[in-house]
Amino acid sequence: MLASTSSLSRQVSGLLLSSSSRATLRITPSLPLTVRHSHVGSTPLDIPASTTLEILPFPPHPNPSRPLLPSLRHARSVLVKGPKGEVVVPLHDCILLIQPSSSTSSELTLAIKDSTQKKQRGTWGLTRSLLSNALTGVSEGHTVSLKLVGVGYRASIEPDPLPRRSKLDIALGSSKSFFLSEAAKQAEIDRANRAKEAAEKQGPNMRLHIRLGYSHPVLLPVPHGIQVQIPQPNRIVLKGADKEQLGLFASQIRSWRKPEPYKGKGIFVDDETIRLKTAKKK
């Protein structure tokens, strides 16, 4: 009887110990989470010797006839100039530019105010990528190649006889313009005038004449700041300093004949490929 009582007490004490250990494990505080930094945003930027950076105290306004996005109202602008042209990059208020004190250093590092905010970390890497593309564009230039695949598809370049009006001209000519200040308005006017002067040095306004199997040719005016070359009748090469502008113009050309998966015809950008499908047999 005594043996059974002692064994029962040992079992009860073991249960109490196990329950207390479980309780102890449950109330153990979790370890603090480490804040993730942006590997892209924290990478230093190498500034070429032929380029200059100028920080403007107002955000860029590419379309002054429409209100500016709320996320850009408190932003600034970075004007990147080089031998190939100039590019404007928005600089959000949470982004900090850090340049080494050494006068011989040509590196630029970006930082943010609060690394615990996910939105700021995303803006950190985005701004660094935009600045990197701008520095490469104004110093070396960007290139986009398009290939026309199809019977009778061909392209040529010709002078554009029609007058042009930019978004800035439309905003200045209308009664409604959404400039944040007179300084921002004057900066946009000066930048547009410099772009026009550079375009006039290159020659008259040009346009693309493309035949894509329609009953009419496709005529696309070439934006200022983009150079178009036609090395072959079925190949178009776009060059410019602004990578975003190049991509938009290339997508505009591609939208007239997107690649189709049955015969493989269409306009292909760079190394774009598609997987061909087999037609259904009746």
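## Second largest pocket

The lining of the second largest pocket is made up of 8 nonpolar, 6 polar and 1 charged residues. This description rests on a predicted model. The volume of the second largest pocket is about 210 Å³. Among the 15 residues that line this pocket, Gln202, Pro204, Met206, Val222 and Ile226 are the closest to its centre.

Two or more lining residues are given by each of helix H4 (182-202) and strand E11 (226-232). E11 supplies the largest share of the lining, with 3 residues.

## Open sheet E2-E3-E4

An open sheet of 3 strands is arranged in the order E2-E3-E4, and its pairing is antiparallel. The edges are taken by strand E2 (52-56) and strand E4 (85-91); each has a single partner strand, so one side of each is left without a neighbour in the sheet. From one strand to the next, the twist averages 20°.

Strand E3 (residues 76-82) pairs with E4 in the antiparallel sense over 7 bridges. Gly82 is positioned opposite Gly85 in E4. Helix H2 (residues 118-139) lies across E2, E3 and E4, and runs at about 175° to E4.

His209 belongs to strand E9 (residues 206-211). The residue counts as buried because its relative accessibility is 17%, under the 20% cut-off.

When neighbours within four places in sequence are left aside, His209 is in contact with Arg154, Ala155, Ser156 and Glu158, and also with Pro217, Val218 and Leu219.

Note on methods: Residues numbered from 1 in each chain as written. Predicted model: local features only at pLDDT ≥ 70, side-chain atom pairs only at ≥ 80, totals over all residues. Heavy atoms only, no water. Helix = DSSP H or I, 4+ residues; strand = E, 2+ residues; numbered from the N terminus. Buried < 20%, exposed > 50% of the residue type's maximum accessible area, 1.4 Å probe, protein only. Contact = heavy atoms within 4.5 Å. 1 Å grid on protein atoms, 1.4 Å probe; cavity = no way out; pocket = protein on both sides within 12 Å on 5 of 7 lines; lining within 4 Å. Points joined across faces, edges and corners; volume = space filled by probe spheres on them. Nonpolar A, V, L, I, M, F, W, Y, C, P; charged D, E, K, R; others polar. Pairing = 2+ DSSP bridges. Axes fitted to C-alpha atoms, helices over the stretch in contact; angles between N-to-C directions.
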